[in-house]
Amino acid sequence: MTVATSSRGSIDGSTFVVGFLTFCVLLFAILGVANAADWAFRVHAWMFLIAAFAGMAFLLGWHESGAAFPRFDPTYYEEGVVKAGIIATMFWGIAGFLVGLVIALQLTWPNLFYFPDFGWTNFGRMRPLHTSAVIFAFGGNALICTSFYVVQRTCRTRLAGGMWPWFVFWGYQLFIVIAGTGYLMGVTQSKEYAEPEWYADIWLAIVWVTYLGVFVATLLKRREPHIYVANWFYLAFIVTIAMLHIINNLSLPANLFGSKSFSLASGVQSALIQWWYGHNAVGFFLTAGFLAMMYYFIPKRADRPVWSYRLSIVHFWSLIFIYIWAGPHHLHYTALPQWAQTLGMTFSIMLWMPSWGGMINGLMTLSGAWDKLRTDPVLRMLVVSVAFYGMATFEGPVMSVREVNALSHYTDWGIGHVHSGALGWVGFVTFGAMYCLTQWVWKREKLYSTALVEWHFWIASLGVVLYITSMWVSGIMEGLMWRAYNQFGFLEYSFIETVSAKHVEYIVRAAGGGLYLTGALIMIYNLVRTARGDVPVEDRRRSSQPPTLQPAE
C-alpha cells in the first residue's frame with residue numbers, strides 16, 4: 001500500500017498510518033493541556049504534546065529526505081530498532097538499579113537518605129519507580145529488542161510493518177517516561193506492578209497491541225516453515241500480557257482531563273483480578289518472555305542444538321496452562337474464598353514440573369560443550385541465570401503453601417525470593433543476551449574485553465548472593481518475631497523492634513545492590529567500546545608483545 005504525497009515519491013502505508021495516529025495524539029494532547037483538571041495531568045499532556053510534535057517532525061523530515069525506502073528494504077534485516085533497544089535496555093537498567101540502591105539506603109539509614117523537603121524522593125514514590133524501571137523499562141526493552149532480533153533470524157525474513165516496529169519502540173519509551181514521572185508526582189492507581197493511571201494504560205494498550213501485530217505479521221510472512229520454540233514463548237508472553245493489562249486496568253476516569261480514575265471492580269473481586277494480573281505478570285512477562293531468550297541465546301552461544309526439542313514443547317504448553325491459575329496464592333488468609341486460595345496453591349505446586357523441565361533442558365543443551373564455560377563468561381552468565389530460574393521456581397511453590405505463607409508473607413523473605421528471580425534469572429539472562437546482541441548487530445568479531453565480562457560476572461554474582469541471603473535471614477527472623485507471644489498472650493515484640501533487628505541485614509542488602517550496579521556499569525563500558533569497534537583488549541596486548549625469535553636454520 002502506498003499513498004502519493006509529493007513529487008519526491010510516495011510514502012509507504014505504515015508510515016502514513018503511524019503519522020495519522022501521531023497526529024491524533026497531538027490533537028488530544030493539545031486538548032489535555034488546555035483543559036487539564038490538575039497539574040499532574042497537564043504535565044503529562046505537555047509530554048504527550050512534545051513527543052507527538054517530535055514524532056510528526058521526524059516523520060516529515062524522514063520522508064522528505066527520501067530515506068524511507070532503503071530503510072524498509074525487504075532483503076535486509078531490520079537491525080536499527082534492535083540497536084536502539086539495546087541502548088534503551090542498558091540505560092533504563094542503570095536507572096532502575098540506581099533507584100533500587102537509593103531506596104535500599106533509605107531503609108538502612110533513614111536519617112541520612114530521607115529528605116522531607118523533597119516529597120518526590122519519599123520511599124513511597126521511589127519504590128514503584130524502581131520496580132517499574134527494572135521490570136518494564138529494563139526487562140521490557142530487553143524483551144522487545146530480543147524478540148525483534150530472534151523472530152527475524154528464525155523466520156528468515158525482515159521484521160514486518162515498516163514503520164510500526166519503530167512506533168512500538170518509541171511508544172514504549174514514552175509510556176515509561178509517563179509512568180515514571182507520574183510516580184514521582186504521586187499519580188498512581190495503587191495496584192502492584194500496575195500503578196500507571198488510565199491514560200498511560202490506554203497508551204500502553206495501543207503500543208502493546210501494535211507489538212503483537214508486528215510479531216504475528218512477521219511469523220505469517222516467514223520463509224522458514226517451522227516456528228522455532230523461542231517464538232512460541234515470545235508470542236505467549238505478548239498475547240497474555242495484552243489480556244492481563246487490559247482487564248486489570250478497566251477503570252473510569254473521574255474527569256476526562258484529570259489524572260484520577262476508579263477501578264470497575266471493587267473489594268475481593270478487585271483483589272483477585274489484581275493478583276491474577278500480578279502473578280501472571282511474573283509468569284509471562286518475567287518468565288515466558290525470558291525463557292524465549294534462554295531457548296535462543298544459550299544454543300546459539302554454545303553452538304549446540306536444544307537438548308530436547310520435544311521437552312521444550314511440553315515445557316511450553318504445560319507452563320502457559322498452569323501458570324495462569326496460580327495468582328490466588330497471593331491472597332491466603334484474606335476474604336477470598338478458601339477454595340480459590342487452595343486452587344492457586346495447588347497450581348503453584350504443579351508449576352515445579354514444567355519449570356524444572358525447562359531448567360533441565362537449558363542446562364543439558366551444553367552437553368558436549370561444558371568446557372566452554374571456562375573460557376566464555378557470557379555463556380557462563382546465561383547458564384547461571386538458568387540455575388537461578390530453577391532455584392526461584394522451587395522456592396515460589398514452597399512459599400505458596402498456606403502454612404509456609406503464614407510465615408513468609410509481608411516479610412523480607414518475599415523480597416529475597418523476588419530478587420533471586422529478578423537479579424539472578426532475569427538480570428543475568430538479559431546481560432548475556434545484550435553481550436551477544438551487541439557483538440552480533442554491530443558486526444564485531446568479539447567483545448572489547450572478555451576480562452571485563454569476567455569481572456561483571458563475579459561482582460554481580462557476589463551482589464546477588466549478598467542480597468538474597470540477607471533477605472532470607474531478615475525475612476524468616478521477621479516472621480518469627482511477629483508470631484512470638486509472651487506468657488500473658490501479648491505480642492513479644494513491637495513493630496519497631498522487628499525493624500531494628502534487621503539493620504545489619506539491610507546493610508548487607510545495600511552492599512549487594514551496590515555490587516550489582518557496579519557490574520552493570522562495567523558492562524555499559526564494555527558494550528560501548530564494543531559498539532565503537534575499538535580493538536579488543538586481548539588483541540591489543542597480543543600485538544604489543546615483541547615477536548618471538550625463530551631459531552636459525
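Visitor: What is the volume of the largest cavity?
Guide: This is a predicted model. The count comes to four cavities of 30 Å³ or more. The largest cavity has a volume of about 180 Å³.

Visitor: Which residues that line the largest cavity are the closest to its centre?
Guide: The lining has 17 residues. By class they divide into 13 nonpolar, three polar and one charged. Helices H6, H7, H8 (198-220), H9 (229-248) and H10 (267-302) each give two or more residues to this lining. The closest to the centre are Phe136, Tyr193, Leu204, His245 and Tyr277.

Visitor: Is H6 roughly parallel or roughly antiparallel to H7?
Guide: Helix H6 covers residues 123-155 and helix H7 residues 164-184. They pack with axes 9 Å apart, at an angle of about 175°. Angles over 145 degrees count as roughly antiparallel. Therefore H6 is, relative to H7, roughly antiparallel.

Visitor: How many nonpolar residues does the contact of H6 with H7 have?
Guide: On the H6 side, the contact includes Met126, Leu129, Phe136, Ile144 and Phe148. H7 contributes residues including Val168, Phe169, Tyr172 and Ile176. Five residues of this contact are polar and one is charged. The nonpolar residues number 14.

Visitor: Which residue's ring is stacked with that of Tyr149?
Guide: The whole structure holds 46 aromatic pairs. In one of them, the ring centres are 6.1 Å apart and the planes lie at 25°, so the pair is stacked. Tyr149 lies in H6 and its partner in helix H17 (residues 412-441), so the pair ties together parts 291 residues apart in sequence. The partner is Trp440.

Notes: Residues are numbered from 1 along each chain as its sequence is written. This is a predicted model: local features need pLDDT of at least 70, side-chain atom pairs count only at pLDDT 80 or more; totals for chains, interfaces and linings use all residues. Side-chain values use heavy atoms; hydrogens and water are left out. Axes are lines fitted to C-alpha atoms, for helices over the stretch in contact, and angles run from 0 to 180 degrees between N-to-C directions. Helices (H or I, at least four residues) and strands (E, at least two) are DSSP runs, numbered from the N terminus. Angles under 35 degrees count as roughly parallel, over 145 as roughly antiparallel, 65 to 115 as roughly perpendicular and the rest as oblique. Contact means heavy atoms within 4.5 Å. Ala, Val, Leu, Ile, Met, Phe, Trp, Tyr, Cys and Pro count as nonpolar, Asp, Glu, Lys and Arg as charged, and the others, Gly among them, as polar. On a 1 Å grid over the protein atoms alone, a cavity is a set of points where a 1.4 Å probe fits but cannot get out, and a pocket is an open set with protein on both sides within 12 Å along at least five of seven lines; lining residues have an atom within 4 Å of a point. Grid points are joined across faces, edges and corners, and a volume is the space filled by probe spheres set on the points. Rings of Phe, Tyr and Trp (its six-membered ring) pair if their centres lie within 6.5 Å; planes under 30 degrees apart count as stacked, over 60 as edge-to-face and the rest as tilted.
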